[in-house]
Amino acid sequence: TLSGTASAPIIVRAYPGERATVNGDISVDGNYTWYWGFEITNTNTAAQNVMGINSHCPGCRFINMVVHDHSGDGFGLWSEGPNQVAYGNIVYNNGFHGSTSTSYGHGIYAQNNTGSKLLQDNILFNQFGYGIHIYGSGNAFLNNFTVDGNVSFNSGVGDGMNYTFGGGSPLVNFVANGNMAYYNPSKMGNSFRVGYNFGTTNQNGTATNNYIVGTAFVSQWTAGLTFTGNTIINPNGTVVLLDQDVPTGSNWDNNRYTTSISSPFSALGVGYGFSQWQSKFGWDAHSTLSAATPREHI
């Protein structure tokens, strides 16, 4: 319940030159407190749904934390805490690896109503569920997110993706820029999802300059989606999947695709070759498609 102010936040850090580890979890219910540069883990493997950081804290920041091996989410950043920042954290091995319906757990699970949330320059890997999960059903809010410069790889050990953005409420004023997503060749599935298939109408979305190994999955953008400057690599599979609508009035161009299959684009259950995709939807006039794996990916 530590509470500072916007101009004078409380800062919680390890003592200089020492390593601090919290064995357990932290519920953050104050205001304007910065948690900075220490480790949170949980060695009690018998406990389920233990979340590393469970924050309802307006104006709080989580900086350069190491959060790992929790049976629930690594971070929960909820709507009651607007203007939160998660920056430069290392988040891994979170989620319950069981075989029942209670198997779940994401790296960062976030919702937002007023104000904004910034998820920037985090490294996430090997979550049981999703790497970054901006999601909610019912009355959850998914407003004003910026997801920038994160790296997520091999998340979705159970059933998930590296990134999923969207749920039962619309994404509003959403930006995903400069993120990276990677899967090992043995698990080359949906890696980066923008929008969700609950019949919502997402508004004012931007996905730019992202580097995606796997499939980019786009849902429920009836208009207003900018999808430019992205690199999508799926050597033997679909590069873009549209499942419930085709965004109209969108800016979709200057992307780079890599795959060896003849119909690597899918829209509403129909496969398209690159030229068919361009002519059908009027997109990607200046984009490229190659079968050769980029050198930086080797």
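In the predicted model, the side chains of Arg193 and Asp243 meet in a salt bridge at 3.8 Å, N to O. A salt bridge here is a side-chain nitrogen of Lys or Arg within 4 Å of a carboxyl oxygen of Asp or Glu. Arg193 lies in strand S21 (residues 190–194), and Asp243 lies in the loop between strand S27 (240–242) and strand S28 (251–253), so the pair ties together parts that are 50 residues apart in sequence. Strands are DSSP runs of E with at least two residues, numbered from the N terminus. Arg193 is buried, at 5% relative accessible area. Asp243 is partly exposed, at 23%. Buried means under 20% relative accessible area, exposed over 50%, and partly exposed in between (1.4 Å probe, protein chains only).

The model is predicted: local features need pLDDT of at least 70, side-chain atom pairs count only at pLDDT 80 or more, and totals for chains, interfaces and linings use all residues. Side-chain values use heavy atoms, without hydrogens and water, and residues are numbered from 1 along each chain as its sequence is written.

A search of the whole structure finds two salt bridges. Glu39 pairs with Arg19 in one of them, with the closest N and O atoms 3.2 Å apart. Glu39 belongs to strand S5 (residues 39–41) and Arg19 to the loop between strand S1 (10–13) and S2, so this pair ties together parts that are 20 residues apart in sequence. Glu39 is buried, with a relative accessible area of 11%. Arg19 is exposed, at 66%.

Eleven strands form an open sheet with parallel pairing. Their order is S2-S5-S8-S11-S14-S17-S20-S23-S26-S29-S32. Strands S2 (21–23) and S32 (288–290) stand at the edges, each with a single partner strand, so one side of each is left without a neighbour in the sheet. The twist averages 10° from one strand to the next. Two strands pair if DSSP finds at least two bridges between them. Strand S14 (residues 123–125) and strand S17 (residues 151–153) pair in the parallel sense over three bridges.

Ser152 lies in strand S17. The bridge partner of Leu124 in S17 is Ser152. Ser152 is buried, at 1% relative accessibility. Its side chain makes a polar contact of 3.0 Å with the side chain of Asn162. Such a contact is a pair of N or O atoms within 3.5 Å; within protein, one must be able to donate a hydrogen and the other to accept it, and residues adjacent in sequence count only if both atoms are side-chain atoms. Ser152 also touches residues including Leu124, Gly131, Tyr163 and Met180. Contact means heavy atoms within 4.5 Å.

Notes. Helix = DSSP H or I, 4+ residues; strand = E, 2+ residues; numbered from the N terminus. Axes fitted to C-alpha atoms, helices over the stretch in contact; angles between N-to-C directions. Lists of a residue's contacts leave out its neighbours within four places in sequence.
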